[in-house]
Amino acid sequence: MSITVATPVKKAGRVKQLFERFPFLPALVILVVLFALNGIYQPRSISFVGITGLTKTYLALMMLAVAQTYVVFAGDIDLSAGAIISLVNVVIIVLMEQWGGSGLSVVAALGVGLLVGLACGVVNGFVVAGLRLQPIVATFATGIFFTGLALYVLPVAGTPAPAAFWRTYGGRILEIPFVFYAVIVFAIVLYVLARTRLATQLLAVGDDAQAAFQSGLPTTAIRIRGYALCGVFAALAAFCITGDTASGDPLVGGKMTLFSVAAVVLGGSALSGGFGTVVGSVIGALIIGLINSLVYFVGTPSEWQNLVQGIAILAALMAGILVGRGARR
């Protein structure tokens, strides 16, 4: 009797440990299903060209989802992330145009863009962690401020990006699309960051801020660093979306903020903090991308696409949460 009872208990315990270690497993299953459905309705979507196009289009959302994840680790949120994308987008476009659009000027403009993203992140961190304002309200306000700056820098959308920039982003190196090199570098950066003390400290603060403070961790400085890292990744996302659209738009990041939050939750991270992975957020971003593609491939009328996309994302979110909860019981 003891053997027959202990076996299923052990199996249940192993499944629970597996889901606790890899909280993105439900999202991974959903991703595979969506990938298969895309292939059924549009076989070319799972070809090399189709995967390249998907990566090129949604790499910006992947990076923004990662950006959002680092502040969510600490139990915070950044509703200005999309506005940072817009601001960095117009800043680099204007600088590239003013500096001539050559290779060197493009690199210099991108460097300034990274600094702008970092500065926005530090401002958010100071306002939220330093002044102890509610993250959802404070970052909503700074998002309006960053959008205002973007409109000041470039009041009207449409300024084209230099050919040297968008041709590189959409081009090939040694017959391999440039975006795949970007993905490899992106993965390496995430691997390194996952093994730094900052990621662990952010999770510790999100799990129990008071306990983290009592153990000697500088919780305020840690949260500011999380927002700074979010700003840097938002700037990188702006580079991707600029390369994809080949133009400047002061409102280009408007919808991406809530998409990034949805991707974080789809990937298994807890908005309350202390639990989650950046890998899950990347998978969540891809899920949103595949849902958008599938809605188009099945022939949904344009006036119904937003409604269907929202329902599909909600269904994926509910499925992931229910599966995860059931496995962890």
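Modeller: To begin, the side chains of Asp76 and Arg223 meet in a salt bridge at 2.8 Å, N to O, a salt bridge being a side-chain nitrogen of Lys or Arg within 4 Å of a carboxyl oxygen of Asp or Glu. This is a predicted model, in which local features need pLDDT of at least 70 and side-chain atom pairs count only at pLDDT 80 or more, while totals for chains, interfaces and linings use all residues. Residues are numbered from 1 along each chain as its sequence is written, and side-chain values use heavy atoms, with hydrogens and water left out.

Biologist: Are Asp76 and Arg223 buried or exposed?

Modeller: Buried means under 20% relative accessible area, exposed over 50%, and partly exposed in between, with a 1.4 Å probe and protein chains only. By that scale, both Asp76 and Arg223 are buried.

Biologist: How many salt bridges does a search of the whole structure find?

Modeller: Besides the pair of Asp76 and Arg223, the side chains of Lys56 and Asp244 meet in a salt bridge, also at 2.8 Å, N to O. Lys56 is partly exposed at 23% relative accessible area, and Asp244 is partly exposed at 27%. Searching the whole structure gives a total of 2.

Biologist: Which residues does Gly231 touch, leaving aside those up to four places away in sequence?

Modeller: Gly231 has 0% relative accessibility, so Gly231 counts as buried. With contact meaning heavy atoms within 4.5 Å, the residues that Gly231 touches are Ile84, Gly117, Leu118 and Gly121.
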